[in-house]
There are 4 protein chains.
Amino acid sequence: MTTIKDSVHDYIELDETAAALLDTPEMQRLRDVRQLSTVQLVYPSANHTRFEHSLGVYHLACEAVEKLEVEGELADRLRAAALVHDVGHGPFGHQTEAAIERHLGRHHDEIEWLLAETDLGSVLESQGLEPDAVAATVDGRGPLGELVSGALDVDRMDYLVRDAHHTGVPYGTIDHARLLYALRIVDGELALEEDTVATAESALIARTLMNATVYRHHVSRIAGALLDRASERLLADGHVSPERFARLTDAQLLATFADYEPTADVASRLRERRLYKRAIWARRRTVPDRFVGLEYDRVRSLEREIAAIAGVDPAVVVVDSPSEPSSPESRARIVVDGDVRRLEERSSLVAGLDACAREMWRLGVYAPDDELEAVGEAAASVLKIEV
Amino acid sequence: MTTIKDSVHDYIELDETAAALLDTPEMQRLRDVRQLSTVQLVYPSANHTRFEHSLGVYHLACEAVEKLEVEGELADRLRAAALVHDVGHGPFGHQTEAAIERHLGRHHDEIEWLLAETDLGSVLESQGLEPDAVAATVDGRGPLGELVSGALDVDRMDYLVRDAHHTGVPYGTIDHARLLYALRIVDGELALEEDTVATAESALIARTLMNATVYRHHVSRIAGALLDRASERLLADGHVSPERFARLTDAQLLATFADYEPTADVASRLRERRLYKRAIWARRRTVPDRFVGLEYDRVRSLEREIAAIAGVDPAVVVVDSPSEPSSPESRARIVVDGDVRRLEERSSLVAGLDACAREMWRLGVYAPDDELEAVGEAAASVLKIEV
Amino acid sequence: MTTIKDSVHDYIELDETAAALLDTPEMQRLRDVRQLSTVQLVYPSANHTRFEHSLGVYHLACEAVEKLEVEGELADRLRAAALVHDVGHGPFGHQTEAAIERHLGRHHDEIEWLLAETDLGSVLESQGLEPDAVAATVDGRGPLGELVSGALDVDRMDYLVRDAHHTGVPYGTIDHARLLYALRIVDGELALEEDTVATAESALIARTLMNATVYRHHVSRIAGALLDRASERLLADGHVSPERFARLTDAQLLATFADYEPTADVASRLRERRLYKRAIWARRRTVPDRFVGLEYDRVRSLEREIAAIAGVDPAVVVVDSPSEPSSPESRARIVVDGDVRRLEERSSLVAGLDACAREMWRLGVYAPDDELEAVGEAAASVLKIEV
Amino acid sequence: MTTIKDSVHDYIELDETAAALLDTPEMQRLRDVRQLSTVQLVYPSANHTRFEHSLGVYHLACEAVEKLEVEGELADRLRAAALVHDVGHGPFGHQTEAAIERHLGRHHDEIEWLLAETDLGSVLESQGLEPDAVAATVDGRGPLGELVSGALDVDRMDYLVRDAHHTGVPYGTIDHARLLYALRIVDGELALEEDTVATAESALIARTLMNATVYRHHVSRIAGALLDRASERLLADGHVSPERFARLTDAQLLATFADYEPTADVASRLRERRLYKRAIWARRRTVPDRFVGLEYDRVRSLEREIAAIAGVDPAVVVVDSPSEPSSPESRARIVVDGDVRRLEERSSLVAGLDACAREMWRLGVYAPDDELEAVGEAAASVLKIEV
């Protein structure tokens, strides 16, 4: 049995399937995709990769499968799915997700095509696993798929702790062993055992605090918005095919930007950390509902409108209006007085955390230093932001 | 300058006053008072003492004083008060607090008498500090006294992190440096600077989760109730004077129990971890308001009533009904859009955390194994607990 | 299965035997015996106990037994022996060991009598284990006894890491998982697998550095010498029987000292950290061989001789001359090119570490502040110390 | 003052000079140069960069400068030099160092040219610092230059701890605060104060153990040898200028390899972790002296000779024969009994650690799987390796 040393879980033992999957180019590529993409522009230590995270998720899946006494083919499938759950990610993970979805119509959790087209599929088959079943598990479907992608998944148990270790921000340090110990299978689905509301809440709290402090830091959001903009340009111009785009590493995407004149500026801005700044940074209550969670086309037309008023090139106006926050963990099933309930029904904290997340929501409009004032004024008037 | 190695803050540098205070028997006594008293019956690693905690609080006070640019006599006073803030604690800290208050009429934060009667006072004077001013600071009074005892005090910043380190429960690991960085003096009082609601909430969350998981664990509450019972007996019988009682160490109190027949059983129960069990463990909504947060005399009469119905010796019935939870942190001052507000006015989480704390509240009735059933039934009928 | 949270190993799962053993007064007593006895006078955070250490050793034994694929009665015996391995320790552990050996003729690893006379034995029998076989294992005898007490034992793997965690001194943080992974059974005995010389050396290094920095700190040695002196007085005077003495807790021993006039001074010195100071602190090369590792009677007569010359009461002169350092780890068996060798045969470091330990050796003569100079001069002349 | 959160040192405060230096492209480039280059192929969590390490070294320099009470221009210079000390590194740090030295005649510590040609120089000048003086300090020359590059430098204090944190291997976790506290200036040079031999040894030990376990792991050495080979080809063929080569990031170098047919194979081997294997892995005592620490031309001619005998393409034979190990730390100055000595004169461990390092030395010959046997036999005969 191969053993790998990990900075979070110490020694991780790999079974034969895992060792074979790791040797594929698809898994090795994840060494060059940072787990937190542009967060390292704010937290310089946040350079951990989706590769080490995948090992961590695999490790927790092994532990969960053992605690839950799942055996045989299902256990193999859950472990394999945990290991490959992130292979569908494009460069910079979530930050190119929207661009890929617009051009490929595919979410990163949909990996049937990847398993079919690459060595991953043949490795799985040679180990007696059906690629489509593994892909379904990665997407949270099928028996216990929620262990890999769901309200109580091992993905989140790993990333919260790992992101805390590598950023130095302690809020993510949940007690994942306590969560694992509390897992039960009730009527074929995962649930937390009796008397563990506080355990479940702790994971929800950790994510809420990490969102505020790390994941949605404005510097990372600005970098992400620039990445999305440049990615769209590359793809819309046909400079690179969406299929190839989706398989690049972080550095390969930056190199591709640098090689193409219309996106070269974004490459050097990201490399040298000379980002746009916030012209607008507006709380939820100051933003009319119709400007919350905008479709891509609507964003672009608003940007053009703002640019026209401000008298600047539309390329230097970036509107960033995320959807209202949601909280999958609050749907976690939990046994209370013998019945299975949703966490949100039993927890006095869920509503507060939801309000908290809403409180942290911001609409941003970004621009280079020189155009900041003009863009800010134009954006406030177009978006009817109450100042 | 003397330097001490600490498991939480690494090296702590002592100024001359601190070094002199540490050498007094009053400070040395704190080596034998566990920070978490009986929590070690649940978390066996929780053996850290009020001595090391005091050093930690002193260290954070030094850092805060430097950040806040407080200088001169006030800075000296704040540092000294931080170091001695726990000398007033009796054996087992909070768990004998009620007994001491009943017999001495004194809370552990009132230490004028201690400074007057012991070497602590003369050491302070020899360092140019007025004992009464230091005592007031320990009690949260006077200029910046809230830094030592208040909504944003360094006491809490140390104990949350230290208790997490020693129990292994990660929830208390707050980012105390971030809190310290956020401190400002506004109109002579402490406040958190603009845009730090999440930082303030994180401390509140940490305490709420530590309460649920560590501080109010039922085993520790049962042990505490037994300690209170036996302490009352010692004091009421005049077996030991309240003044001497208040100055015992943990082990000296157990030895005193063991030497006096009426309390000897409690000593051996604590030493051998053979505690009473829960006959009743009732949520807030099942308990009539009049039985919440009972006065001591009322508790004793209820115990007698229950014992009579159950047909057992009143000594084996323990009723434990804490007050409704409160949250001092929610009163923390914080700058929002230029104005100073209370955290509870600005945080969407405070109400949820309050509800959460209320949800975790329990009334307990405890008894030895053999009498558990009889006592449980009698207590349910006397206390009108809905089952 | 019961689970306990530990600050070092996180969750520790207890089997039925372990849970039953933990409930005995003998195991519970270890809650009140500090693992590092008087080291807390130097490192204030070092308050961890032999109870939590015993849980840790049990945990590592469980892991080792699983890796080595030991099963059945032998596995049960090894786990049980790991858990109870420290019950034979007197108050303040190693620091009263010599006094107990002088008066009881028994080393702390010899626990046949304890298992025979206490609940521990009956608990073991009820779980199908033979007390004498468990006692032999604790003493390092019988099949794989060296796993509990030997060159590669789990005792050391736990204490190095635990002592590092609680003192804050990082040197003890060995990679115990790597050591466990390297364990093999070769010809019925433990050995480290091929290519693990560096792994073995790391444990030896850790202990050498912890000796220098923590375990043999002069303040702790002075406190230990005072404890030995006062213990001898108690026992020689028959104030307490050696049997009872050996079963006291740390605090009970101090209380016993305090209650007996001839030892009361030592009790208050330890409680208030007013220790003797070093009148002599001599390196190995300056001390004649005949004064190294002295027998007890020889020590006392030297002290009387020194006192006579210095014109002081013999009670204020303490001579402390440890044996030459030895290194059990260097006898660890290790596979090299297919053959089993001793670590010392294969490691280039062992000789250096031995020299290093010899370099750190010191003969100490201690006395109160007032007599320091007189005692120092007299001692130098009696012990022929080259100055 | 800007504050940055670091996973190792928590908050790092930047002075104005540091903030300005960080904004240069030269410093930002270090975000894309991994601190441990190819070690991440063995320890997947080892993705930390020279950027965060530079911040850490700067932080320790600030602390050292304060402890040593260095002030004014010298203090500014030391801090600035600490921050920029790694800007001279090429892609993959030490692993392209030899190739760069062959073609540019420049070591990574020689950065006069970089400061002269880039923004770094003008930023330094605008802050009142002389670029050449800063460059000299980076190279260990001038007043207290040894603090940045020398036997007791802050570079090593940071990287040992940081590498431990990110690999999960604990051996590097030195007590850097203890080292900093022990620093003194004696006769204008750094020295460790009296009685700190063990402190100094601990750093030496940490590096020796990290060498064995992490830095010189064979997988990383093989990857490094392949990088050197391909780099030489790129440079010798003039495919890229040495000046440009030296300024690439890790990913840019791999992309450059991939774009040039003769080096494309190495790029894909590194990306997919399909490395050459060990045909020979020989201990020092089995290798004739004349084959230890070979010059580059000699290596290439030996490879051709081996290839000819094995009947394979010379491109698939890689000979890797490092110099004998050396230990700069053993030259550290330390005060012993009032005199300044070298650590190696006073430490019983240095000789052992040297022997240890020599014991870990290996000559490697690497080849692809298919040619492993033929290459191994030919190499053993050419290099006269005793088998």
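This is a short tour of how the chains of the structure are arranged and where they meet.

The model is predicted: local features need pLDDT of at least 70, side-chain atom pairs count only at pLDDT 80 or more, and totals for chains, interfaces and linings use all residues. Residues are numbered from 1 along each chain as its sequence is written, and chains are lettered from A in the order in which they are written.

**Chains A and D.** Select these two chains first. A rotation of 180 degrees with 0.0 Å of shift along its axis places chain A on chain D, with an RMSD of 0.0 Å (by least squares on the C-alpha atoms of residues with pLDDT of at least 70 in both copies). The two copies are thus related as by a two-fold rotation axis. Between them, 30 residues of chain A are in contact with 30 residues of chain D (C-beta atoms, placed from the backbone, within 7 Å). On the side of chain A, the elements giving two or more residues include β1 (2-6), α3 (50-67) and α9 (154-167) (helices are DSSP runs of H or I with at least four residues, strands runs of E with at least two, numbered from the N terminus).

**Helix α18 of chain D.** Finally, select residues 350-360 of chain D. Among the buried residues of this helix are D:L353, D:C356 and D:A357 (buried means 20 or more other C-beta atoms within 10 Å of the residue's own, with C-beta atoms placed from the backbone). Their cover includes α18 (350-360) of chain C, together with α11 (197-215) and α17 (343-346) of chain D.

Definitions and conventions:
Contact = placed C-beta atoms within 7 Å. Buried ≥ 20, exposed ≤ 12 C-beta atoms within 10 Å, placed from the backbone.
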